[in-house]
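Please open the structure in the viewer and keep the selection tool at hand.

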Amino acid sequence: MRKTIRYLLTAAFLAAMAMALWGCGQNTLETDLDGQAEKTVTYIRETVASPVIGSVGGEWAVLGVAKSGVETDKSYFDTYYDNVRAAVKSSEGVIHDKFYTDYARVTLALCAIDKDPSNVESYDLTENFDRYDELTWQGANAVAYTLIAVNVSGTQIRYEDEYLSYLIDETGKYIDEGNLQQIDYVSMGLAALSFYDDREEAADMADRATVYLSSMQGDDGSMGNCESTAEAIMALSQSGVDVFSDERFIKNGVSLGESLMIYSLGDGGFVHTEGDEQPNQMATEKALIAIDSMKLFKKNRAIYERKEQ
């Protein structure tokens, strides 16, 4: 009961603040995406001065900065690429011997900075996309990001249809279970399915995922924490949904897009959950990707775009 009351009070506060800001001619997130992107890019560049291979302080930071449209010294991306090259060379092409989703994540970052993932110190990182048993063992998130990386890098793989069938089945299971803890997996699945909207089964599952995410949205407009909110924003924007104006994603007058600012500390950093006092690096990196996604949506583009053959 207390949680519901807190959500309602937060939603009412955000709605009131939004109305006040509009009335004063000041910016909401929707009208200040460029400003917020610049602020968060600055924060990330200060906290991740030398990005390396990793789910925090690595690819998501590089991708977010690269896709932000904020002018950034090329040396930042060169530093990351040099770190990748050194790691790949020293390990003889092995980024991880168990979690093969790492190859997809690195591929997405390399493509974002115009580097070729199929030739890093003479090693082809995309060869690992065809490890069906290992990727499906890791789960739907690994398969989803592998399919995204396949499309972004323009890589031809043997198991693309099998991965798609697997992802559709697993996403359906998550939706049927209705577990709040699995929102991120549904969002990741939706983002990957966006590349296959010409296939009826994939398009139908994408529709189900969109309805599901709307049903799981909280009274304050968010998905319960910064990372889940950011992941949903990215996936929906990728799928052509306006997270600021689509009525399915407006709760108590607060849109999913605007709700991201619940987790902002105001200095460019973001927290994991509302009320936290210290910034969270993963939350901040994911928030920047969400901001990038909303910016690109306004330009009829997406954070992940298919490389034409």
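Select Asp169, Glu200, Glu201, Asp204 and Asp207 together: in this predicted model, these residues form a negative surface patch. Which helix supplies the largest share of the negative patch? Helix 10, residues 200–216, contributes four residues, the largest share.

Remain on helix 10 and select Glu200, which is placed there. Glu200 has a relative accessibility of 64% and therefore counts as exposed, since the cut-off for that class is over 50%.

Next, move to helix 7, which spans residues 140–153, and select Ala142 within it. Is Ala142 buried or exposed? Its relative accessibility is 0%, so Ala142 counts as buried. Display its surroundings as well: leaving aside residues up to four places away in sequence, Ala142 touches Thr101 and Leu135.

The last two stops concern backbone angles. Most residues other than glycine have a negative phi.

Select Glu92 in the loop between helix 4 (74–90) and helix 5 (101–112). Glu92 is not a glycine, yet its phi is positive, near 55°. With 61% relative accessibility, Glu92 counts as exposed.

Finally, go to the segment after helix 13 (281–298) and select Asn300. What is the phi of Asn300? Its value is positive, about 60°, although Asn300 is not a glycine. Asn300 also counts as exposed, because its relative accessibility is 76%.

Methods
Residues numbered from 1 in each chain as written. Predicted model: local features only at pLDDT ≥ 70, side-chain atom pairs only at ≥ 80, totals over all residues. Heavy atoms only, no water. Patch = residues over 30% accessible without salt bridge, like charges linked within 9 Å, V, L, I, M, F, W, Y side chains within 5 Å. Areas by Shrake-Rupley, 256 points an atom, 1.4 Å probe, with all protein chains shown as cover. Salt bridge = Lys/Arg side-chain N within 4 Å of Asp/Glu carboxyl O. Lys, Arg positive; Asp, Glu negative; His and termini not counted. Charge placed at Lys NZ, Arg CZ, Asp CG, Glu CD. Helix = DSSP H or I, 4+ residues; strand = E, 2+ residues; numbered from the N terminus. Buried < 20%, exposed > 50% of the residue type's maximum accessible area, 1.4 Å probe, protein only. Contact = heavy atoms within 4.5 Å.
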